Amino acid sequence: MFRFKVYFRKDVDLASCNIIGIGETWLQHDENEPPLPSQYGAQFLNDTDGKGLAVLYKKIDIPNMVDFSIFRGAYSMMKLELSGVEIVFLYISGKIGFELYKKDLIRMIGASNKPLALIGDVNWHYPKHHAMKDYMIRRGFKQLSLFPTHRQGNILDHIYVNQKLLDFEGGIEVHQKPVFFTDHDSMYLKLKRITTTQSRPQHV
């Protein structure tokens, strides 16, 4: 998180984001969350073995933290809503199978009757067969991460969107970029129609 904070203050793309999800924060349960720029609020799910999940958001655009956050040690999920769009951030350890987190994933997705994006590090390479992949396809989601997101050449960080988000007025954009503070690329989802009180597109 310290290296992220240093980079955060210098990176234009990160600074433009209204909501930021961070997997594998490596904050312990008894460790204080690092101070953030004053315009940001945060929700943390800290793990005993140094993984965990964090969601940062600009205070001017405070999202509704929908339903619940789920923390099971080997995986964590957090759901929020902003301007009618639901966003689920998640981290899944590569050491567990889909059946162990399937029920919680179903709860997070819900009826999927709103525009919804599911974003995070799932620790399996997308082109390969996987039970989560089969499930998301059956639910009508499209995975938008098409290029390697990890230094070893795998697509480990996925962005799933449902049809309602694909049909979003104004469209959506996805891009990624390497950063020095992690071996994963940063992934960006831009929702063009949503604007803040400053009339800027919504970035995730």
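A residue is called buried under 20% relative accessible area, exposed over 50%, and partly exposed in between (1.4 Å probe, protein chains only). This is a predicted model, in which local features need pLDDT of at least 70 and side-chain atom pairs count only at pLDDT 80 or more, while totals for chains, interfaces and linings use all residues. Residues are numbered from 1 along each chain as its sequence is written, and side-chain values use heavy atoms, with hydrogens and water left out.

**Exercise 1.** Find which side chains Asp104 meets in salt bridges, and classify the accessibility of Asp104.

Solution. Begin with the criterion: a salt bridge is a side-chain nitrogen of Lys or Arg within 4 Å of a carboxyl oxygen of Asp or Glu. Asp104 meets Arg72 at 2.9 Å, N to O. This pair links distant parts of the chain, 32 residues apart, since Arg72 lies in the loop between strand 4 (69–71) and strand 5 (75–82), and Asp104 in helix 3 (residues 98–109); helices (H or I, at least four residues) and strands (E, at least two) are DSSP runs, numbered from the N terminus. Next, Asp104 meets Arg107 at 3.4 Å, N to O. Arg107 is partly exposed, at 44%, whereas Asp104 is buried, at 6%.

**Exercise 2.** Decide whether Glu86 and Lys79, which meet in a salt bridge, are buried or exposed.

Solution. The N to O distance of this pair is 3.6 Å. Glu86 has 7% relative accessibility and therefore counts as buried, and Lys79, at 3%, counts as buried too.
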